[in-house]
Amino acid sequence: MSALAYDGMAMVGRQLRRIRNNPGITVMTQVMPVNMLLFFGYVFGSALAMPGREYRSFLVPGLLAATAAGGIMTGMFQAAQDSHRGVMDRLRTMPVSRAAVPAGQAVADLVVTAIGTVPLLLVGLAVGWRIEGTAAEALGAVGLLLLFRFACTWAGILLGLLSRSEEAAGQLGASTFVLPLLSNAYIPTDNLAGWLRAVAEWNPISAVTTALRDLFGNAPVPEGAAWPVAHPVAGTLAWCTALIAVCAPLAVRRYAHGEG
Amino acid sequence: MTTTYAVLSEGLEKRFGAVHALRGLDLAVAEGTVCGVLGPNGAGKTTAVRLLTTLLRPDAGSARVAGHDLAREPAAVRRRIGVTGQDTSVDGDLTGRQNLRLFARLHRVRDAAARAGELLERFGLAEAADRTASTYSGGMRRRLDLAVSLIRRPDVLFLDEPTTGLDPASRNRIWDAVHELKRQGTTVVLTTQYLEEADRLADDIALVDRGRVAHTGSPAQLKALIGSHAEVVVPHADLMARAAAVLDHLTGSEPVLDPGRRAVGAVTTDPTLTLPRLVRELDGAGVPLLDATLRPPTLDDVFLRLTGESLGTAKEVAA
């Protein structure tokens, strides 16, 4: 086995053990979207023009994408926590593959996300969301969702390694909750003012949300939207490829160089 | 006979913005010895360790560690060193056992679980093995840290202030481990602020001051260089001159007068000068005494003497 694969597996094991020893934050980040589904679906939904069940079907893909975008926050926080603790120094003074540490974090996060998404899907089913497309399309949706999570986690890792302190990363990370608000995750973008609509539709979360709605068969691709939303699957793939291509090498480099 | 050096650095320099942390550090540590790097906070000890362990790159200068060039073959250096940093470098979110198993696996140890168990036993952590390291006391964490550094016996082990802030029991365990390692042939580079620690463990001491090695020698050489400090306190200020004359005669060094405390002090390297003799001589010269002390040199004395700067007043610079 190559050094990267071997060390990477050891680092995935480390992350999963850390989460098992201290599951609080992970459980919280996975419970949050369930709460939001219930609040938005029943409280806000009652004030929208869309009928309740229809809105909840519309909302589930949005929450899935928004939660996946939370990988920025999780990745950032974990990486900042790590980089400001002595354990990273130890790893840097060992003959460990330079890419193994961030890659291990990103892969472990993917495993946790895959499991952590199940409750949201179950509650979604309970409140009326359905897979209305084919099984293959649904699998494609799950694949895109995980790919987006992976990309967001890499972006988070990079930001976490660049941040000055754990606190700074925590604050910046927490502020990422506004990202889904500026997308079509919770509301349709058709009625937004022109420039705001452009901002929202060029938000990667919108492409992912639209792709999920399309592949799960919950809502059609909106007319006259910006390119990533009008071509949601290609848009999602493009956004993810770009994020990973930029963030992963920079994160690995940043990790390997430490403080210089 | 030629000496093989496990660590040999020449002119290492490192700046952090306006702070010139290392100003040409020349350090030579013979293979199989324990080198104590002694100095106040901000002298550059930690920066030196971070450079020599590949964590930082020098702005100038070069070094060979365990037979490999630091700049050209960092990976080869990493395969041969162990590091226990000043900040504990274990994962607080993992248990002691999980930490050891993880690092054993990364070191490609075949039976990681068995090695972990063995080290937990050796460092008195067997009972706490399955608690997360963040719940450990400072001493336990430092022991775990050292245990992790010893999973695979390193050629050169760097210990950055391994016992600062530790209770005596933990400190003794770490000292024992260093002795044991030296017996097995590992070279140890140990930074410390404690003269006693350097005295107990080190074959050689490198005195670091403001980013340079100010002096090197064995503990005995350093102490002989510094000598003990004799001090007497007299009841009247007009007795100080007579006390100084006696001290001058006894120690052969120039006495220092502190009129505020009516104290006279002098440094002596004469091993036959004992406290009873000091008191007898002054009594014989008709100098009444309120107090008399004869104490071995402290790190502060070493510093004062060799760098002209006291440890307490040494400029605080983040190392």
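**Sheets, cores and a contact: questions about a predicted model**

Q: What makes β12-β13-β11-β14 of chain B a sheet, and how do its strands pair?
A: This is a predicted model, and in it the four strands form an open sheet in the order β12-β13-β11-β14 (chain B), paired in the antiparallel sense. Two strands count as paired if at least two bridges are found between them. Take β12(B) and strand β13 (residues 263-268) of chain B: three bridges link them, so the pair meets the rule of at least two. One place to look is B:Asp258, which faces B:Ala263 in β13(B).

Q: Why do β12 and β14 of chain B stand at the edges?
A: β12 (256-258) and β14 (291-295) of chain B each have a single partner strand, so one side of each has no neighbour in the sheet. From one strand to the next, the twist averages 15°.

Q: Which parts of the sheet does helix α9 of chain B touch, and how is the helix directed?
A: Helix α9 (residues 240-251) of chain B packs on the sheet and touches β11 (228-233), β12 and β13 of chain B. The direction of α9 makes about 5° with that of β13(B). Angles are taken between N-to-C directions and run from 0 to 180 degrees, so this value lies close to the 0 end of the scale. Helix α10 (residues 275-284) of chain B also packs on the sheet, touching β11 and β14 of chain B, with its direction at about 145° to that of β14(B).

Q: How do you know that β1 and β2 of chain B pair?
A: Count the bridges: nine join strand β1 (residues 5-16) to strand β2 (residues 19-30) of chain B, and these strands run antiparallel. At least two bridges are needed, so β1(B) and β2(B) count as paired. Within the pair, B:Leu8 stands opposite B:Ala28 in β2(B). The hairpin of β1(B) and β2(B) has two residues between the strands, and B:Gly17 there takes a positive phi near 60°.

Q: What makes β1(B) and β4 of chain B partners?
A: They share five bridges and pair in the antiparallel sense, with β4 covering residues 60-65. In β4(B), B:Ala60 is the bridge partner of B:Glu13, and B:Ala63 is that of B:Ser9.

Q: Why is helix α1 of chain B called mostly covered?
A: A residue is buried if 20 or more other C-beta atoms lie within 10 Å of its own. Eight of the eight residues in α1 (residues 45-52) of chain B are buried, so the helix is mostly covered. Among them are B:Lys45, B:Thr46, B:Arg50 and B:Leu52. Just after the helix, B:Thr54 has a positive phi of about 75°.

Q: Which residues touch the most other members of the largest nonpolar core?
A: They are A:Ala65, A:Phe148 and A:Trp154, in a core of 140 residues. Helix α7 (residues 135-162) of chain A contributes the most, with 14 residues. Leaving out residues up to four places away in sequence, A:Ala65 touches A:Phe148, A:Ala185, A:Ile205, A:Val208, A:Thr209 and A:Leu212. A second, separate core has 14 residues, including B:Ala243, B:Ala244, B:Val267 and B:Leu278.

Q: How many residues does each chain bring to the contact between chain A and chain B?
A: Chain B brings 24 and chain A brings 19. On the side of chain B that touches chain A, α2 (74-80), β6 (81-84) and α3 (96-106) each supply at least two residues. α3(B) gives the most, with four. By class, this side of chain B has nine nonpolar, eight polar and seven charged residues.

Q: Where does UniProt place the "domain: ABC transporter" feature?
A: The unreviewed UniProt entry puts it at residues 7-235 of chain B. In the model, this span is 35% helix and 30% strand, and its end C-alpha atoms lie 54 Å apart. For chain A, an unreviewed UniProt entry lists "transmembrane region" at several stretches, including 57-79 and 169-187. Residues 57-79 of chain A are 96% helix, while residues 169-187 of chain A are 53% helix.

Conventions. Residues are numbered from 1 along each chain as its sequence is written. Chains are lettered from A and ligands numbered from 1 in the order in which they are written. This is a predicted model: local features need pLDDT of at least 70, side-chain atom pairs count only at pLDDT 80 or more; totals for chains, interfaces and linings use all residues. Two residues are in contact if their C-beta atoms, placed from the backbone, lie within 7 Å. Ala, Val, Leu, Ile, Met, Phe, Trp, Tyr, Cys and Pro count as nonpolar, Asp, Glu, Lys and Arg as charged, and the others, Gly among them, as polar. UniProt positions are given in the numbering used here, feature names are shortened, and annotations may be inferred rather than shown by experiment. A nonpolar core is a set of buried Ala, Val, Leu, Ile, Met, Phe, Trp, Tyr and Cys residues joined through C-beta atoms within 7 Å. A residue is buried if 20 or more other C-beta atoms lie within 10 Å of its own, exposed if 12 or fewer, and partly exposed in between; C-beta atoms are placed from the backbone.
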